Amino acid sequence: MSVLSAGDAADGAAGRPRARATRRSHLSQTHREWLAAYLFLLPDVLGLLIFVGLPMVLALSLGFFDVSGFGTYTFAGLGNYRKMLADPLFLDSLQVTAKYVLVLVPGLYVSGLGLALLVKRPVRLIGLFRAMLFLPNVISLVVIGLLWKFLFVDRIGMVNVLLSKIGLGGLSWLGDPDLSLWALLGVTIWFLMGFYMLIFLAGLQEIPREYYDAARIDGAGPLRSFRDITLPLLKPTSFFVLLVSLVAAVAGPQGFDLVYVMTSGGPANSTNLMTYYIYQQAFLFSNFGYAAAMASFLVFVLLGLTGILFAVTRGGRFDFD
Amino acid sequence: MTSTDIGGAQFGMRAAGEGRSGGTLLIAALILISSLTVFPLIWMVSSAFKTGTEVYTLRIVPEVPTLDNFRYVFTQLPFARYMFNSFFVSATVTVVALFFHSMAAYALARLHFPGRELIFRLIFSTLLVSLPVILVPLFVLVRSMGMLNTYAGLIIPAIFNAFGIFLLRQFYLGIPQELEEAAILDGAGYWRVYANIILPLSRPILAALAVFFFLANWNSFLWPLTITSDPDLWVVQTGIASFQQQYASAQNYIMAASVVVAMPTMLLFFIFQRQLVESIKTSGFK
Amino acid sequence: MTVDAPEASDVQKRVDEAGASRSRPAGMNRRSLIKVGAGAAGGLGLFGPSALPLISRRSAAAQGDTLKFWQFYAPGGQVESQAAWFENTVAGWNEQNDKQVELVYVPNSDYMDGTKLPTAFASGQGPDLFIISPGDFLRYYNGGVLQDLTPFMEQEAIDDFFPDVLASRVVDDKVFGLPMEVEPMAMYYSLAAWEEAGLTDSDIPQTWEQLLEVGQRLTNDQRFGVLFETNPGYYQNFTWYPFMWQGGAEIQVPESNKSGMRDPGAVEALKFWQDAVNLGVSPRTVLGGGAWDVVPNLTTGYCAIQNVGIWAISALQENAPDFEYGIFKLPVPEGGQYSTDLGGWAFVANSQGQDPETAAQFVVWALGTMSEDSIQRGVDWCTKAKSDMAPRQSVQELATEQGGFDSGPLKQFAEEILPGGRGEPRVTPEIYKSISDAIQAAQLNGTDPEQAAEQAATEIEAFLATYTGAPIL
């Protein structure tokens, strides 16, 4: 119902300038285009401004205040930012996050591409295999966290039982600070890889078969045709995957949700990702101002990183032809 | 519906055409990796049929399979009501969001106007902040609009998400210019170009995005929990959380509820997976 | 897409119904206009320091009809008697009073360390009534949202509460919360595991050393001897404090700005937990929700002895009635003095709510008068709805009279385990975190206990030097 009325309104709105243009010829083609563009953008931009932009500005500007969490605010200038630099937990958390991102982004790239190559050939039941590989994506992160927490438990957990068969038993995947981040990364990749597989699969299927046929005639092996044909032609897809997985690794919900359910940032702060630490400071310690300062910092780092990717890809246009 | 069916058929034809040169090694690897991937979820399903103590054992097939957990889930809490709420909210968000996003993306990709790059950058930058960071101000805002404990509060803030705009813009950048130019020369307005040319072309990618949007909203937890206290408005994820009691985590109920909750989304994916891949491909969403 | 069409009208109908049931009497329109106006003003003023609370106070006042009471005992939950107790209490009040109280249920997992309560308070929309544990007391007290209950209480009733239990809810002789229960920590063991390892009653450990020895005998490749909490959080600190007290250490040395974390008692307690993990007697991860969760850990045989509180009695009764277990009090270090930690939640009233005085009256009426009703309510909660110790002398007496502590595990708790216990400490989030980091580092990261303790002490002292809130206890 709301869709219909919204559609009508937009139709009317976009139709109006045209009608007016025919009447008043001084509204040039260029201006009509401008007006149309603004009207097309209106619903989403307005919504984003109100429901994301405004809260974002409010939330981030809290970084300059001491906020009690109970309605009192005192201006603190750069106090929260100074505190940040002197907070060993923040610096730790930054390190954990950097490690997480540096493993996750390539990890998703490799696993996504690997799986896509694996499921590219249309063998029997391929649809079923693809569906199975995507399946973790369908389940809520809270349940995913609970499941893996059990599978990773000391001694009797499924992971340990299986690994002990190859002589690697007795490890505490979520209880040993040297392993916990890896366990978290493993679960995260397992959860997200199906999505990137689909993206890569679509990219792979766009590459004309003739290229490979020609390469084979030239005597190129599978490795060489992967290097000389697949990789270069996947460039647009690759940039897209890198950009999306970078944003997801730093600000995506999976980082927070899985840590929240599986480790609470432990053991010994070894999985204390920035998103979790920010949440902890805000909601468990009522330090909303400090949390906001850290969040702003994170946004600026991400802006920088994605800015670089945008520059490299000419404003997000991934087609290079 | 029709277009995705055709997509599926094309896909099937090509699949047949490419022959079955896949070696046994490939098949073996496929079976191994996909079963490993699914294995934890099998445990989830089996747990749903276990008793409260057996749920913490490694047995995959329950010793005494029981339906009690499912009975509990549906009798102790109005779970059907939660499922309706989740469905209603997710479907509405998906439909409205796709419509708004495609309009915005069309303007950003195909029209020329001052501030285009700036607006795009600003929209993109909203992706960099996660929900917990803006939770409090958003809550204040939604409350001051009188939308606490309403469907509107569940739906409206969830509609606006830059990710969809970003993906659709990518797609629209790849559509050949000539189609629209011809239409514009014919005197068609921008709305008609959008409605008659762009929108039909975007059907496949809209289908793919619909699946992702629906999934994301179906599984969302934090926002619904924060703004609803009225149990009539609870969604499935809030319901699952409430099976966790102060002194007993009751994993068997949680897993049974999770299986029930995952059913529609699994089904959705199984039915649409072919179309999904096809639409990602044809849409050039990459 | 066409599949859902038949349902559409149904959907619309239900939405309409939902809308209708929410619609309020006249005046709503103007009120929402004010709210939107206030929102816009707040938006335009952006982050002016007063913008957020301004909106919130106004709408908080505008919204009120019933007092909202947030808690996590679900109607239709697993322990129906607990939810029923809340419902009866509120119904009892509502019969006698004009100002009505309404229960709002928040899922437990989110109530404990979630975002819902902090979000509500941060936006000035906190519930009128809620329940908190000592671990959270200072955060809310220092935030200025706890209503003083003293003016509404008779002195006799205040004196009726056990001083040590009430202490963590008192600042400057004023009572800011009334405890509904007392939950001591103890050790539970599986009789089956005990017998299997050839242990008898005489093997029940009295000292830490004995506990580790027995633990080693109970440990095999499928089972851990002794289970302590491993997840970082308020609860882990709570379970660790008694071991620190037993050696005479304190978080804050009384009457000083010094921390007792570097005292031998604290260092030894850190080392005790570290040894347990290093010996392979204690796991690094626990099953279920945490080490408070008895069914997944003890009854399944993941551990043979579990450090858990009195609530485990009713949890076992509800979920594993056939499971045979025994209980013993926390062992002590060589030359140490027995202590245990007494947890438990309290009713509090929001001083920034719509009607703080009535809310305070509700709390006192429910748990803190000398009337028969109020005392019986305490008995019903502690011995019927739950299996807990009583926070008040009169409740303890009446419960004993009614046979609540006559036999079995509850008798053991009342006679053996409770005496010598101390109320759960109240600390600020900063101090909590320093101690938690020390425990985690020693227990799971192999950090030298002395070094971990030293770091915590340094951090706590740095914090105390500038701290001006209510005293740490």
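Helices (H or I, at least four residues) and strands (E, at least two) are DSSP runs, numbered from the N terminus. Read along the sequence, chain B follows the pattern α-α-α-α-α-α-α-α-α-α-α-α-α-α, with 14 helices and 0 strands. The structure is a predicted model, in which local features need pLDDT of at least 70 and side-chain atom pairs count only at pLDDT 80 or more, while totals for chains, interfaces and linings use all residues. Residues are numbered from 1 along each chain as its sequence is written, and chains are lettered from A and ligands numbered from 1 in the order in which they are written.

**Chains B and C as a whole**

- Chain C has 21 helices and 13 strands.
- Of the 473 residues in chain C, 58% are buried; a residue is buried if 20 or more other C-beta atoms, placed from the backbone, lie within 10 Å of its own, exposed if 12 or fewer, and partly exposed in between.
- Buried residues also make up 58% of the 286 residues in chain B.
- Two residues are in contact if their C-beta atoms, placed from the backbone, lie within 7 Å.
- In chain C, 74% of the contacts between residues at least 6 apart in sequence join residues at least 24 apart.
- For chain B, 77% of the contacts between residues at least 6 apart in sequence join residues at least 24 apart.

**Interfaces between chains**

- Chain B places 77 residues in contact with 83 residues of chain A.
- On the side of chain B that touches chain A, helix H14 (residues 251–283) of chain B gives the most, with 14 residues.
- That side of chain B divides into 55 nonpolar, 16 polar and 6 charged residues; Ala, Val, Leu, Ile, Met, Phe, Trp, Tyr, Cys and Pro count as nonpolar, Asp, Glu, Lys and Arg as charged, and the others, Gly among them, as polar.
- Between chains A and C, 34 residues of chain A are in contact with 33 residues of chain C.
- Helix H2 (29–61), strand S2 (73–75) and helix H13 (274–284) of chain A are the elements that give two or more residues to the side of chain A that touches chain C.
- H2(A) gives the most to the side of chain A that touches chain C, with 4 residues.
- The residues on the side of chain A that touches chain C comprise 20 nonpolar, 11 polar and 3 charged.

**Domains of chain A**

- Chain A is divided into domain 1 (2–75) and domain 2 (82–312); domain bounds come from an automatic or database domain assignment.
- The C-alpha centres of domain 1 and domain 2 of chain A lie 34 Å apart.
- Contact between these domains involves 9 residues of domain 1 of chain A and 8 residues of domain 2 of chain A.
- H2 and strand S1 (65–67) of chain A each supply at least two residues of the side of domain 1 that touches domain 2.
- S1(A) gives the most to that side of domain 1 of chain A, with 3 residues.

**Domains of chain C**

- The assignment for chain C gives domain 1 (67–182 + 344–414) and domain 2 (183–342 + 427–466).
- The centres of domain 1 and domain 2 of chain C, taken over C-alpha atoms, are separated by 27 Å.
- In chain C, 18 residues of domain 1 are in contact with 16 residues of domain 2.
- Helix H7 (134–142) and helix H19 (408–417) of chain C each supply at least two residues of the side of domain 1 that touches domain 2.
- H19(C) gives the most to that side of domain 1 of chain C, with 4 residues.
- The residues of that side of domain 1 of chain C divide into 8 nonpolar, 5 polar and 5 charged.

**Helix packing**

- Helix H4 (residues 79–110) and helix H7 (residues 151–159) of chain B pack at an angle of about 35°, with their axes 9 Å apart; axes are lines fitted to C-alpha atoms, for helices over the stretch in contact, and angles run from 0 to 180 degrees between N-to-C directions.
- The contact of H4(B) with H7(B) has 10 nonpolar, 1 polar and no charged residues.
- Helix H12 (residues 253–262) of chain A and H13(A) pack at an angle of about 65°, with their axes 8 Å apart.
- H12(A) and H13(A) are therefore roughly perpendicular to each other, a term for angles of 65 to 115 degrees.
- Gly255(A), Phe256(A), Val259(A) and Tyr260(A) of H12(A) make the contact with Thr275(A), Tyr276(A) and Tyr279(A) of H13(A).

Notes
Parallel < 35°, antiparallel > 145°, perpendicular 65-115°, else oblique.
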